[in-house]
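Please look at the model first.

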Amino acid sequence: MYACMTDGEVRYSVREEEMRGTFIGNIAKDLGLDNQRLKSGRAHIYTEGGTEYVELNVNKGILIVKDRIDREQICGKITPCLLHFQIVLEKPMEFHRVTIEVIDINDNNPTFTKKNVQLKIIESSLPGALFSLPNAVDNDIGENTLKSYILTPNDRFKLKIQSQSDGSSSVDLLLDMPLDREKQEQHVLLLTAVDGGEPQRSGTIEINIIVLDANDNAPVFSQRVYKTAVREDSLVGTVLIKVNATDADKDINGQINYFFAHVTDSSKDLFEINTDSGEIKLIGQLDYESNKMYEMKVEAKDTGDLLGSSKVIIEVTDVNDNVPFINLMSISNHIGEDSLPGTVIAMINVQDKDSGRNGKVSCNVNNNSPFKLKSSINNFFTLETERYLDREKVSQYNITIVAKDEGEPSLSATHIITLQISDVNDNAPKFEKQRYITYIMENNSPGSSFFSVRAYDEDSGLNSKISYFIEESKINNLSVSSFVSVNSDEGVLYAVRSFDYEQLSHFQVSVTAKDRGSPPLSSSVIIDVYIQDQNDNSPEILYPILNKGSPIAEFIPRSADVGYLVTKVVAVDKDSGQNAWLSYKLIKSTDQTLFELGVHNGEVRTLRQIMDKDSTKQRLTISVEDSGQPSHSAAVNIYVAITDNFAMALTEVNDFTQEKSNDADIRFYLVLSLVIVSFIFITFIIILIALKFHKWKRSKYFSENSNGTLPVIPYYPPRYAEVGATGTLCHVYNYEVCLTTDSGKSEFKYVKPMLQTPTDNDSNGAKTKSPSSSDLIADEDLPQST
C-alpha cells in the first residue's frame, strides 16, 4: 500500500480481496487534520453512487476496508482500477477528494466458454490451413492475465496465436501435416490456457477433431474484420452490417450458413445474424454507458461442415440520453441575515452518465437572487451568498439550481432548495412621527390616560417585542416621572398628577421604544404636551381696593357734566383666552338714571346732570363676569358721594361705613336664626323616630309574652278624634277593639255616633270642626295605643 498527494487529492492503493478492517491509510495525518476536527466536523465519506468499500474511523483518523473489494467486479478490464470518494467536513464546510487504486491479484483462472469443442476437418485440407479455436478468458489484468496457450504435443497440428487491436489474442489451430482419414479418423487434443501470475493458473478445453472426406474447400470471408458504428438509441430491428463469405465448392458443398461463434451472453441478447444473408440486426437496446464496443466472431459453414471465420466489431456511439443528476452532499436550510457574502449554503455534486460534450455539465442558479455557484473540482460546486441578505425584505428563498449538459438537444435537471433567513436584531423601533403634539385639560384626574404612542419594529420574534420608557428629565426642577407615566407594553401615557394651566401650560416628554433583541435597539420621540385652560378662576377685582374691609368712596361735584368719569373698575382673570374675557354689569344702583357702566372697560360715568333732588349718597353694585362655560363672576360695591364740600364728603363716607356695619349685623342675626331653627327641626325628627321605634318594640313584646288573657282595652274618652280633621264625614265614632291571642283576628264593636252641631265653641271661644269618619282608626293589628 502507498499514499501520496496529487493535484489536491490523496491517493492510496490496496490489494483486492483484502479482509474487512484492513488498514488503508492515515487520512487525518495525510490531510493535516487532527482527530478532534474530524469529530467536530462530523466527517463522513461521500461516494458518488454504488457500494461503499471504504470506511472512515473518525476516532483514529484512518481509512479501513469496509466490504469485500473485487477488482474484476468493480472495474472489469479497465486499468487502473480506481475508487473515488470525498471526505466531507462541516462547520466550516470542506471536502477532500480521495482516490484508492485497487491492485489486482491473480485470483481468476483462465476459462473457456465450453469444456470441449469439435472440429470437422476434411482430409483434403492443405498444410497451413487455420481452424478457429475458442479463446480463453481471464478476468485478471496485467501480469496476472492470460499469457499463452499450450497444445498437447502431436505430429499434425500446431497453434498459431495472433494479437488483436484491442490487446487480446486469438488462437487458431494450424494444420502442420496433411490428414489421412483412412489412417486416423479422429484426433483428440487438449488446449491449455495459462496466465502470468504467481502462482500460475490455467484452464483447459478438449478439442475433438473429426477428419472428413471429400469437400475440401472451406468458406472464405471477404474481410477478416468487419467494423461498423451504431448510435445507442438505434431502434430494435435496425440492420447494422452484412458479412459475406464465398465457397469455391459447387452445388451443395457451396451452400453457406452464417452464425455467431463463441459470442458472450450480453452480445447474444443484443444482436442476431441472418443465417442465409449474413445480415446482423439489433434485437435489444444499446447503452453506451454500459458497453462502448462489441466484438463477435462470425463463422460461415458449408454443407460439408467446412468453416470460415471473421471478426465483427460494433462500436456504440454516445447519444445525449441521460439527464444530469444533481446530488446535494451537504446543505443548510437556515442562515442568518447577517451572514457575510461567500457563506457556504450547500455542497453540490452534478453527474451525467453521457460522455464527451454530452457529459459536460454547466450548473447555475436562478437570476436576480443573492446567491452564486462556485466550482471547486470537476462537477463539484458550492452554493454561496453573493451579497448581504435582509430578512425584512425577503424571509425565504426558493433557490432553483439548474444543471444543463452540452448535448444536442441539451438536457437539464433542476433542484429547488428552500432557504429560511433567520432574523437578526438589526432594525430599531420606529415611531409613526418624529414629533407628537397632544393636549390635556387642566384639573384632570390623576391616573387618567391622555395620549398613546405606537412604534413598530420590522424584525420578528423577540426582536420585534417593544417596551416603552420615559427618559428622565426635569420639569420645573421636578422629575418628569412625577408628571407622566407610560404603560411599558401599550405605550399609553398617563397623568400622574392633576395639572394647573396657570402654573404649567406646556412641557415635553421623551418616550423611548426599546426592543428585546440582543443587543437591544431603541429610538426616542418627543411629545409636546399642552395644558388646556378651564374656567376655574373667578375674576379678581384690583380696583377699587378695600380699606379695612370697606371700599373707598368716590367723590363727584354737583357740577359734573354728562359723561363725567366717576371711577373705573379694574379686574383680572388668571384664566386665558375666552375664559379671561371680562364683561362689566351694573347690578344695583341707588339711582338707575344717574350712572352708566362700560361693558368692556369698567368705566363708571354720569348719564345726566346732577340735580338738587339727587341723593348725596349713591351706592353702586357692579358685577364682573368672565366668558367661560360655566362663567364665574365677582361683585364690588362702590360708594359715591355727591358734594362740593370736602368736610361733608368725609361725613358721608362715615355714614356709608355705619350703614355697612348695620347691614353686617342684620345678616349675622339672620344666619344665626336659620341655624337655630334647623337644629330644632332635626332634634324633633330624631325624637319622633325614637318614639316610633319604642312603640314597635312594645307591640312585639306584647304579642310574644301574652298567656291567653285578653289584652287591656284602653279607654278612649268620648269624641276622641283628630282635631281639625279634613275628611268628608263630620261624625265622630268610638270603637271598642277586642283582640284574642290565639286567633289573631279583631272584633269590632261599633258605637252609635254622637251627633252634634256642625260647629261647637270650645272653652276659649274657638270654633272646632267635628271629626269625620275618615279620621277614624281601623287598624286590625294595632295592639295598644298610648
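## Surface patch

Which residues form a nonpolar patch on the surface? They are Phe681, Ile682, Phe684, Ile685, Ile686, Leu688 and Ile689. Together they have about 700 Å² of accessible area. The model is predicted.

Phe681 belongs to helix α5, which covers residues 646–705. Its relative accessible area is 53%. Phe681 counts as exposed because that value is over 50%.

## Three-stranded sheet

Three strands make an open sheet in the order β48-β52-β51. The pairing is antiparallel. Strands β48 (565–568) and β51 (595–597) are the edges, and each pairs on one side only. On average, neighbouring strands of this sheet are turned by 20° against each other, direction ignored.

Strand β52 spans residues 603–606. Three bridges join it to β48, and the two run antiparallel. Glu603 in β52 is the bridge partner of Lys568.

## Cis peptide bonds

Most peptide bonds are trans. Tyr543 and Pro544 are joined by a cis bond, with omega about 5°. Pro544 sits in the loop between β44 (540–543) and β45 (546–547).

Another cis bond joins Gln629 and Pro630, where omega is about -10°. Pro630 is in the loop between β53 (617–626) and β54 (633–642).

## Positive phi

Most residues other than glycine have a negative phi. Lys91 has a positive phi, near 55°. Its loop lies between β7 (81–89) and β8 (94–103). Lys91 is exposed, at 69% relative accessible area.

Asn476 also has a positive phi, of about 55°. This residue lies in the loop between β38 (474–475) and β39 (478–479). Asn476 is exposed, with a relative accessible area of 55%.

Methods. Residues numbered from 1 in each chain as written. Predicted model: local features only at pLDDT ≥ 70, side-chain atom pairs only at ≥ 80, totals over all residues. Heavy atoms only, no water. Patch = residues over 30% accessible without salt bridge, like charges linked within 9 Å, V, L, I, M, F, W, Y side chains within 5 Å. Areas by Shrake-Rupley, 256 points an atom, 1.4 Å probe, with all protein chains shown as cover. Salt bridge = Lys/Arg side-chain N within 4 Å of Asp/Glu carboxyl O. Helix = DSSP H or I, 4+ residues; strand = E, 2+ residues; numbered from the N terminus. Buried < 20%, exposed > 50% of the residue type's maximum accessible area, 1.4 Å probe, protein only. Pairing = 2+ DSSP bridges. Axes fitted to C-alpha atoms, helices over the stretch in contact; angles between N-to-C directions.
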